[in-house]
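Subject: Structure for your review

Dear colleague,

Please find below the structure that I am handing over to you.

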Amino acid sequence: MTTLYLNFLLFAVVISITPGPTNLIALTLGHRYGINSAFAFIISAASSASLILLLTSQGICQCIYYLSSVTTNNGLDRLYMVNLVIMEIILDARYSNSR
């Protein structure tokens, strides 16, 4: 279990240092106000990104656990159910963003 959390932490760090708007804000803060102000922002941005990843992964794990407890004839039924859940999440996200 510790290896799982270490892998998750490594992924969160790598995804945090990739180029994006958060890193541009941190760069601008560091340039204007110094490293101490930027460091506080970087810590809060990295921890919030890790929290989002953790909550998302736990939700997907719960969906897979629930679907694995459903009695089905073969594995294809389970894959179909997982596909339905993922498609529902994607469609819900698209609908909520279009408002």
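This is a predicted model: local features need pLDDT of at least 70, side-chain atom pairs count only at pLDDT 80 or more; totals for chains, interfaces and linings use all residues.

Residues are numbered from 1 along each chain as its sequence is written, and side-chain values use heavy atoms, with hydrogens and water left out.

Overall features. The protein has four helices and zero strands (DSSP runs, numbered from the N terminus: helices are H or I of at least four residues, strands E of at least two). The order from the N terminus is α-α-α-α. Of its 99 residues, 6% count as buried (under 20% relative accessible area; exposed is over 50%, partly exposed in between; 1.4 Å probe, protein chains only). The protein exposes about 8,300 Å², of which carbon and sulfur atoms supply 69% (Shrake-Rupley method, 1.4 Å probe; for residues, only the protein chains shown count as cover).

Confidence. The average pLDDT (the predictor's confidence in each residue, from 0 to 100) is 76, and 79% of the residues score at least 70. Confidence is highest in helix 2, at 87, and lowest in helix 4 (residues 75-97), at a mean of 71.

Helix 2. Glycine 34, with a positive phi near 100°, follows this helix. Within helix 2 (residues 21-33) lies glycine 30, which is partly exposed, at a relative accessible area of 27%. Leaving aside residues up to four places away in sequence, glycine 30 touches Ile35 and Ala38 (contact: heavy atoms within 4.5 Å). Its C-alpha atom is separated by 9.6 Å from that of phenylalanine 41, 11 residues apart along the chain.

Helix 1. Leucine 9 belongs to helix 1 (residues 2-17).

Yours sincerely
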